[in-house]
Amino acid sequence: MTPVQHFTISRHSGQRLDNFLLRELKSVPRSRIMRMIRSGEVRVNGKRAKVHLKLNEGDRVRVPPLMLEEERSAEVPCWLIDVVSKNVIYDDDRLIAVNKPSGVSVHGGTSVPIGLIDAVRKHFEDDEIQLGHRIDRDTSGCVLFAKTRVALLEIHHALQQQQLVKQYESIVSGCWPKDVSEVTVPLRKYRLPNNERRVEVHETGKAAMTKFKILRATDSLSWLHIEPTTGRTHQIRVHCQYQGHPIVGDRKYATPQNSKPPNMMLHALSVQFTGGHPIQAPVPPYFEEYWRKHAPAD
C-alpha cells in the first residue's frame with residue numbers, strides 16, 4: 001500500500017482536479033481516481049471536492065493510501081494504438097486532432113479501463129498530452145488533444161466563450177421540417193434507477209441551442225448539418241429526439257429501428273477556432289451506404 005500523498009499546486013493552477021490526479025497518478029486507473037474523488041477520499045484544502053473543481057495556486061491536495069494492485073494500469077491494446085496512427089488528421093507543436101471511430105471512448109471509466117487519450121499518449125510517446133474536449137462514445141469524428149498546458153487552457157477558454165465552432169453531420173429518422181433551423185429548449189441531467197446518466201428537456205435545465213440545416217431529405221430519413229452553439233451533455237441527441245426526429249442508431253434516445261445501422265449516425269465533422277481554419281474529419285463511408293440502402297427516393 002502506498003502512503004498518503006500530498007500535493008501543493010503551483011504550475012498546474014487552473015487545471016481540473018480529475019485531470020491533475022490523472023497526470024500525477026499515471027499508474028492508477030481512471031475509474032479508481034474518480035471513485036476516490038466522488039467518495040470524498042481526496043481532499044482539497046482539507047475539504048471534499050468535486051471532480052471538475054478548478055485548482056488554484058497554493059491549493060493542497062491529499063490523496064489517500066492506495067493498494068498496490070490498484071496502481072497497475074491496464075495496458076493499451078495494439079488495435080487502439082493502430083486506430084490512432086491511422087486517424088490522426090492534424091498535428092502541430094500545440095494540438096493533435098484524431099478522427100475517432102464510433103464505439104471508442106475518449107477516456108477510460110468504470111466499464112472501459114482504457115480510452116483514446118491513453119492510445120494517443122502511447123502513439124506519440126508523450127504522457128503530458130491532455131484531452132481537449134469530449135464527444136460521446138458512439139459519436140464518431142474530430143477530437144482535439146493538447147500537447148501543452150497553454151494549449152489546453154486555450155481550448156477550454158474557446159469553449160467557454162463559444163469561440164470554438166463544432167460542426168456535425170447526422171442522419172435522423174423522418175423528414176426534418178424545413179421551417180426548423182434551430183432548437184433552443186433547456187436540458188437537464190438525470191439518472192435512471194441503475195445510475196445510468198441521461199438528459200431530458202426540462203424548464204429547470206440549462207440553456208441549450210442547436211442549429212440545423214437540411215442536406216438531404218426523404219419521407220423516411222433526413223441528412224442534417226448541425227452546429228451546437230452550446231455544449232451540453234447529449235445536446236444534439238436530445239434536441240433531435242425532442243423535435244420528433246431521433247438520430248438513427250441512438251440506443252439511448254431513439255426507439256429501435258427495423259433496419260439496424262452499423263453505428264449511431266452522428267459524426268463530429270469539424271472544429272474551428274474563431275479566425276482559424278477548420279480541422280475536418282471525413283464522414284465515415286457507412287453514412288452514404290446506409291443512405292443509399294434506406295433512402296432510395298433521394
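Trainee: Does Pro282 count as buried, partly exposed or exposed?
Mentor: The structure is a predicted model, in which local features need pLDDT of at least 70, side-chain atom pairs count only at pLDDT 80 or more, and totals for chains, interfaces and linings use all residues. Residues are numbered from 1 along each chain as its sequence is written, and side-chain values use heavy atoms, with hydrogens and water left out. Buried means under 20% relative accessible area, exposed over 50% and partly exposed in between, with a 1.4 Å probe and protein chains only. Because its relative accessibility is 54%, Pro282 counts as exposed.

Trainee: Why is helix H1 (residues 17-24) described as largely enclosed by the rest of the structure?
Mentor: The buried residues of H1 are Leu17, Asp18, Asn19, Phe20, Leu21, Leu22 and Arg23, and they pack against strand E1 (5-8), helix H2 (30-38), strand E2 (43-44), strand E4 (60-63) and strand E7 (130-131). H1 is therefore largely enclosed, since the buried share of its eight residues is seven.

Trainee: What angle does the direction of H1 make with that of E4?
Mentor: The open sheet concerned has four strands in the order E1-E4-E2-E3 with antiparallel pairing, two strands being paired if DSSP finds at least two bridges between them. Its edge strands, each pairing on one side only, are E1 and strand E3 (47-48). H1 packs on this sheet, touching E1, E2 and E4. With axes as lines fitted to C-alpha atoms, for helices over the stretch in contact, and angles running from 0 to 180 degrees between N-to-C directions, the direction of H1 makes with that of E4 an angle of about 60°.

Trainee: Within what arc do the buried residues of helix H4 fall, seen down its axis?
Mentor: In H4 (residues 78-87), the buried residues are Leu80, Val83 and Val84. They line one face of the helix, because, with the arc taken over the directions from the helix axis to the C-beta atoms, they fall within 95°.

Key
Helix = DSSP H or I, 4+ residues; strand = E, 2+ residues; numbered from the N terminus. Contact = heavy atoms within 4.5 Å.
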